[in-house]
Amino acid sequence: TANDSPTGPQPTATYDSAFLKACRREPVPHTPVWFMRQAGRSLPEYRKVREGVPMLESCTRPELVTEITLQPVRRHDVDAAIYYSDIVVPLKAIGLGLDIKPGIGPVVDEPIRTRADLARLRDLTPEDVSYVTEAIGLLTKELGATPLIGFAGAPFTLASYLVEGGPSRTYENAKAMMYGDPELWADLLDRLADITAAFLKVQIEAGASAVQLFDSWVGALAPADYRRSVMPASAKVFDAVAGYGVPRIHFGVGTGELLKLMGEAGADVVGVDYRVPLDEAVHRVGPGKALQGNLDPTVLFTDKDTVERRAREVLDAAAGLDGHVFNLGHGVMPNTDPDALTRLVDYVHTATAR
Ligand code: CP3
């Protein structure tokens, strides 16, 4: 089965796509574009197919996953697809009691707070997520030359949900564990690193051409704490998938002070939120990495001229980079006009055509 075979050579057309070339810092025919959260509530066709299907259940239905993943590719002509799933899917798959509450986010039945709680985090096997392997098999056939990005939540961001029990603004329980019981914290993150690595491997072996590790909430930490308490686990994930040769992207929000360390954790491409311009981010990250970003997603609530002016500023800031993947500085917001996204893709392609 697809599960047992290591990822073979990518079809040449995919390997030669603008997106993968930019990730490898090779010359591109145009700046590639995709959007975090490009699949989802901004699209009426998404809301239609999701009607009556709970979020986490939708992630286990290969035909539905395939359809939702393809929707933004068809509509916007983006340069990459991102696999429709969620960061908590592997945790659900190993039997943790959790759900995604509409308008709230992931909520955990019993938060992980003690050493005894760690026993609930067993290893993930490919059989736990066989629907992922099946869906990616369907998807890569449909996508042709368009690359598929697999993804997972990074250990810190997953831990933030597991320890808090749900979304948080302060991460007081998670950070208290990190500062006050560093051994328990390190063991928790190490467990999550193994689960995350296993989940990414499933996606790559099934045909994903790149992976993104979302450490969305890690911007809550000081660099010294990131280096000591988070980076080893994130590096373990990146190391585990290094041998496949697929680009590894790393993104978090509010990570201006962490960009260098996030690159050092093992990313080939560092995602930048909208707070740091790319011509500044490139100095913070240092040589040898491509950058991804970083138009403020709220710019899409303005008129066409303003969107184009702000997109132009992002492209100008990226002009000196030797690898740029255009994206938003965080995910597409649910009320975004999808036509504004389509126009933005066209603008970036036209403005950067070489
Ligand atoms: O198009 C894509 O980007 C692929 C799909 C995707 C989803 N979640 C689907 C989803 C991706 C990449 C994610 C990642 C994810 N999930 C992150 C990291 C990215 C980021 O935004 O920083 C995080 C922190 C989560 C956790 C999570 N899941 C949140 C905060 C929410 C929103 C809750 C809400 O209703 O506002 C979810 C739910 C979720 N995941 C939705 C989608 C399309 C919306 C739920 C729905 O449509 O019913």
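Predicted model: local features only at pLDDT ≥ 70, side-chain atom pairs only at ≥ 80, totals over all residues.
# Notebook: ligand site, helices and salt bridges

Residues are numbered from 1 along each chain as its sequence is written, and side-chain values use heavy atoms, with hydrogens and water left out.

**Ligand, continued.** I then listed the surroundings and found 26 residues around the ligand, the closest being Arg 37, Tyr 46, Asp 86, Gly 103 and Ser 216, where a residue is near a molecule or strand if one of its heavy atoms lies within 4 Å of it.

**Helix α7.** I checked the length of helix α7 (residues 130-143), whose 14 residues should span 20 Å at 1.5 Å a residue, and its end C-alpha atoms are 20 Å apart, which agrees. The expected span is 1.5 Å times one less than the number of residues, and helices (H or I, at least four residues) and strands (E, at least two) are DSSP runs numbered from the N terminus. Within α7 I find Tyr 131, Val 132, Thr 133, Ala 135, Ile 136, Leu 139 and Leu 143 buried; buried means under 20% relative accessible area, exposed over 50%, and partly exposed in between (1.4 Å probe, protein chains only). These buried residues pack against α5 (62-76), β1 (81-82), α6 (89-93), β4 (148-153) and α10 (182-206), contact meaning heavy atoms within 4.5 Å. After α7 comes Gly 144, with a positive phi near 60 degrees.

**Asp 128.** I placed Asp 128 in the loop between β3 (105-108) and α7, and it is buried, with a relative accessible area of 18%. A polar atom of the Asp 128 side chain lies 2.8 Å from the backbone nitrogen of Thr 125. Not counting residues up to four places away in sequence, Asp 128 touches Ala 93, Ile 94, Arg 122 and Asp 123.

**Salt bridges.** My search of the whole structure finds 21 salt bridges, each a side-chain nitrogen of Lys or Arg within 4 Å of a carboxyl oxygen of Asp or Glu. Arg 191 forms one with Asp 194, the closest N and O atoms being 3.5 Å apart, and both lie in helix α10, three residues apart, about one turn of the helix. Arg 191 is buried at 19% relative accessible area, whereas Asp 194 counts as partly exposed at 26%. I also traced a network of salt bridges that links Asp 123, Asp 190, Arg 191, Asp 194 and Lys 236.

**Helix α15.** I find that α15 has 14 residues and reaches 20 Å from its first C-alpha to its last, close to the 20 Å expected at 1.5 Å a residue. Its buried residues are Thr 306, Val 307, Ala 311, Val 314, Leu 315 and Ala 317, and what covers them includes α14 (278-285), β8 (290-295), β9 (324-328) and α16. In α15 (residues 304-317) Arg 310 and Glu 313 are three residues apart, about one helical turn, and form a salt bridge with the closest N and O atoms 3.9 Å apart. Arg 312 and Asp 316 are four residues apart in α15, and their side chains meet in a salt bridge (3.0 Å, N to O). An α-helix has 3.6 residues a turn, so residues three or four places apart point the same way.

**Thr 342.** My last entry concerns Thr 342 in helix α16 (residues 338-352), which is partly exposed with a relative accessible area of 25%. The C-alpha atoms of Thr 342 and His 76 are separated by 4.5 Å, although these residues are 266 residues apart along the chain. Leaving aside neighbours within four places in sequence, Thr 342 is in contact with Arg 75 and His 76.

Notes. Polar contact = N/O pair within 3.5 Å; in protein donor to acceptor, adjacent residues only side chain to side chain.
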